[in-house]
Amino acid sequence: MLTIDKIISELNVADDSYFPREALEDAITQQEAITPVLLDIIYNISNGTDSLEGSPAFMYSTYLLAQFREKRAYPIVVKYFGDLGLEDEALDPTGDMVTEDLDSILASVCHGDLGLIKQLIEAPEVNEYVKNAAFSSLVILYNNNLLTREDLVSYIGNILERETDPSFIAYIACIACDFHPKELYDALAKCFDQELLEEGIIDKEDFDGYMQMDVDVVLAKLKDNRLYQLVNNVVSEMGSWGCFHPEPNSTPIRYDSNAKIGRNDPCPCGSGKKYKKCCLH
């Protein structure tokens, strides 16, 4: 079994095609001993003591702490991502963490304390993708029986009463369709009628189509949806990433590579919309 120092060294290997499986497995085996070290790594980067550049250990540490359900990681993660800034480029140092898994990470470490998650959702200076991830984390908590439907619906209703960002309102409408918010139909229909949503993300016809679906069918689909799960197995979940399985004779896809689809690039599905307004969600 690897020592703690060797595990951290392996997690810091600056090769984006290398998956440190053994180091992650041994970290999980030594959870109690390695947790303070992982917390120090993300704390020092969050506070600017250490640089994130060339330090993939931040990413692995965050995922491991999420699997460990480590509540002490909660405020550190919120601080780092909450302080990123509004520019899209602010997400580049952490690759696809925000758009892929930040919601699962937040849900995994919050232990039912929604205060900091709501802070990310409601603060105007928070990056839009971080804000979206924070909102999605509430649905993950609901899907895992850690947040009641009543509390989820009530909070969303309050947000809709005061939210003015058309992009975020549209995001709420899209995510809401995944848990069939019949209780929110009037509030969301009003947003459509008053044209408060950004165009091209979801229209009233599509929204009504989701609302006509059987509630039990929608909730069963939500239960099995991999996008709405907690972080449960870092080794299998991260090990399946495409960057760790490059095609022969192809250039590996780096997790923070410029080769990935940009959030403002045309969506590859052919919809004509920007990626961030289409399949990215």
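This is a predicted model: local features need pLDDT of at least 70, side-chain atom pairs count only at pLDDT 80 or more; totals for chains, interfaces and linings use all residues.
Residues are numbered from 1 along each chain as its sequence is written, and side-chain values use heavy atoms, leaving out hydrogens and water.

**View 1. Helix α5 against helix α7.** The axes of α5 (residues 73-82) and α7 (residues 102-109) come within 9 Å and cross at roughly 150°. Helices here are DSSP runs of H or I with at least four residues, numbered from the N terminus. Now for who touches whom: Ala73, Tyr74, Val77, Val78 and Phe81 in α5 meet Leu102, Ile105, Leu106 and Val109 in α7 (contact means heavy atoms within 4.5 Å). Sort the residues of this contact and you get nine nonpolar, no polar and no charged.

**View 2. Ser55 in its loop.** Look for Ser55 in the loop between α3 (31-46) and α4 (57-67). Ser55 is buried, with a relative accessible area of 14% (buried means under 20%, exposed over 50%, and partly exposed in between, using a 1.4 Å probe and protein chains only). Leaving aside residues up to four places away in sequence, Ser55 touches Asn12 and Ile45.

**View 3. Phe135 and Phe168, ring to ring.** Rings of Phe, Tyr and Trp (its six-membered ring) pair if their centres lie within 6.5 Å; planes under 30 degrees apart count as stacked, over 60 as edge-to-face and the rest as tilted. By this rule the count comes to 11 aromatic pairs. In one, the centres of Phe135 and Phe168 are 5.9 Å apart with planes at 85°, so the pair is edge-to-face. Phe135 sits in α9 (residues 128-143) and Phe168 in α11 (residues 166-177), so the pair ties together parts 33 residues apart in sequence. Phe135 is buried at 1% relative accessible area, and Phe168 is buried too, at 2%.

**View 4. Phe192 with Phe207.** This aromatic pair is tilted, at 5.3 Å centre to centre and 40° between the planes. Phe192 belongs to α12 (residues 185-193) and Phe207 to α13 (residues 204-211), 15 residues apart.

Methods:
Axes are lines fitted to C-alpha atoms, for helices over the stretch in contact, and angles run from 0 to 180 degrees between N-to-C directions. Helices (H or I, at least four residues) and strands (E, at least two) are DSSP runs, numbered from the N terminus. Ala, Val, Leu, Ile, Met, Phe, Trp, Tyr, Cys and Pro count as nonpolar, Asp, Glu, Lys and Arg as charged, and the others, Gly among them, as polar.
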